[in-house]
Amino acid sequence: MNCADARQLMLEADLAELSPDAGGELGAHLATCRACRGAADEILSLEAGLAGWLAAAAPRGDTGAALASAAATARRRARQRRLAGALTLAAAAVLATLLVLPARTRMPGSSAPVPAAPLGGFSVASPGREVMVVQPADPRFVVVWYLPTRRSS
Amino acid sequence: MSDTTSLEAVAADLVPRAARGDAEALDRLLGRCRPSVYRWALVQTGDAADAEDVAQEVLVRLHTSLHRFAGRSRFTTWLYQVTRNEASNLRRRLGRRLHLAAALAREAQAGTEARDDPAGRVHAERVAALAEQLLHGLPPRQREVFHLADLEGCTLGEVAERLGMSPVTARVHLFHARRALRTGIVERWPEMAAREDG
């Protein structure tokens, strides 16, 4: 193996192969060629330095304070989710009431109460969105209600 | 023992307890996860401040979503995915491309200048330049694979599992990443190439 071939192999070799003791053709070349061994050592040294640099990287600030802040944020978001859920249910109840009540009233000029049509409601889960479709008493209308969705991790 | 292996061992004990509501176990788990998540986020975002934001958001996620970790994969694999998602969310929120850890490079140089050690400074400058090349120059997939395989010491199987790709694909990315970085090393320091006397 000549130096040019060795340099090509060194560009892709595992770190363990960049040693004269690794065996194989590259190892044998490194054992006899000072220039290529110097290049291999340089690669090993820089990649080890890079690993050390990254290992030493640490977040600033006190861990205790970061954990307390995260816990407080998590509690606040949980409260907001519960509130949003309650508001959604309340709004759904109000809407359903508004839709059902007219069906129980009398039609103009008629003495007989209009029977309440069964309220057909079903939900459709689509990617990224929840939809509720409500069929009121009057078949000419359909109410489509987009509901807020929760983000998943 | 690599950082990932160490974290996995700690998590094996703490995650079930934390998921059952043990507050002390949750605090210990989060405290142990924070530096690892920060480093992963640093590689993802290339910016120390952004990495801090991502790490903090992941801690919140661990508070709210740890119960969703079903144990079907390694905890570190799941946590890495959560970190990647948060880094991706942050990039979307900021509406900008990955920007570089110039500040980190400056910090590395400043640290050695303070030591007044010329040889150490030269080495640190090279490391900082390589870090810049890693964080900025490589495509995201290559950067992730190189980081996990060569800097964190994960096997190719672990890298593939964590990144949701086949081991063969991971190896291809690793080859490309090494080639780009090592070519950069030779190009930046031509004295290496000039030493061809063997």
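This is a predicted model: local features need pLDDT of at least 70, side-chain atom pairs count only at pLDDT 80 or more; totals for chains, interfaces and linings use all residues.
Buried residues have 20 or more other C-beta atoms within 10 Å of their own, exposed ones 12 or fewer, and partly exposed ones fall in between, with C-beta atoms placed from the backbone.

Residues are numbered from 1 along each chain as its sequence is written, and chains are lettered from A and ligands numbered from 1 in the order in which they are written.

Let us look at the chains. Chain B comes to 10 helices and 0 strands, while chain A has 4 helices and 3 strands. These are DSSP runs numbered from the N terminus, with helices (H or I) of at least four residues and strands (E) of at least two. Along chain A, the order from the N terminus is α-α-α-α-β-β-β. Of the 198 residues in chain B, 41% are buried; in chain A, buried residues make up 16% of 153. Two residues are in contact if their C-beta atoms, placed from the backbone, lie within 7 Å. Among contacts with a separation of 6 or more, residues 24 or more positions apart account for 61% in chain B and 28% in chain A.

Two packed helices are described by the angle between their axes and the distance between the axes. The axes are lines fitted to C-alpha atoms over the stretch in contact, and angles run from 0 to 180 degrees between N-to-C directions.

| Helix pair | Angle | Axis distance |
|---|---|---|
| H1(B) and H2(B) | about 155 degrees | 9 Å |
| H2(B) and H3(B) | roughly 135 degrees | within 8 Å |

The angle makes H1(B) roughly antiparallel to H2(B), whereas H2(B) is oblique to H3(B). Angles under 35 degrees count as roughly parallel, over 145 as roughly antiparallel, 65 to 115 as roughly perpendicular and the rest as oblique. The residues where H2(B) meets H3(B) include Ala41(B) from H2(B) and Leu59(B) from H3(B). This contact divides into 13 nonpolar, 1 polar and 3 charged residues. Ala, Val, Leu, Ile, Met, Phe, Trp, Tyr, Cys and Pro count as nonpolar, Asp, Glu, Lys and Arg as charged, and the others, Gly among them, as polar.

Leu59(B) also reaches across to the other chain: leaving out residues up to four places away in sequence, Leu59(B) touches Ala66(A), Leu67(A), Ala70(A), Leu30(B) and Arg34(B). Overall, 39 residues of chain B are in contact with 35 residues of chain A. H3(B) supplies the largest share of chain B's side, 9 residues. That side divides into 17 nonpolar, 8 polar and 14 charged residues.

Finally, a stop in chain A: Val134(A) lies in strand E2 (residues 129-135). Val134(A) is partly exposed, because 19 other C-beta atoms lie within 10 Å.
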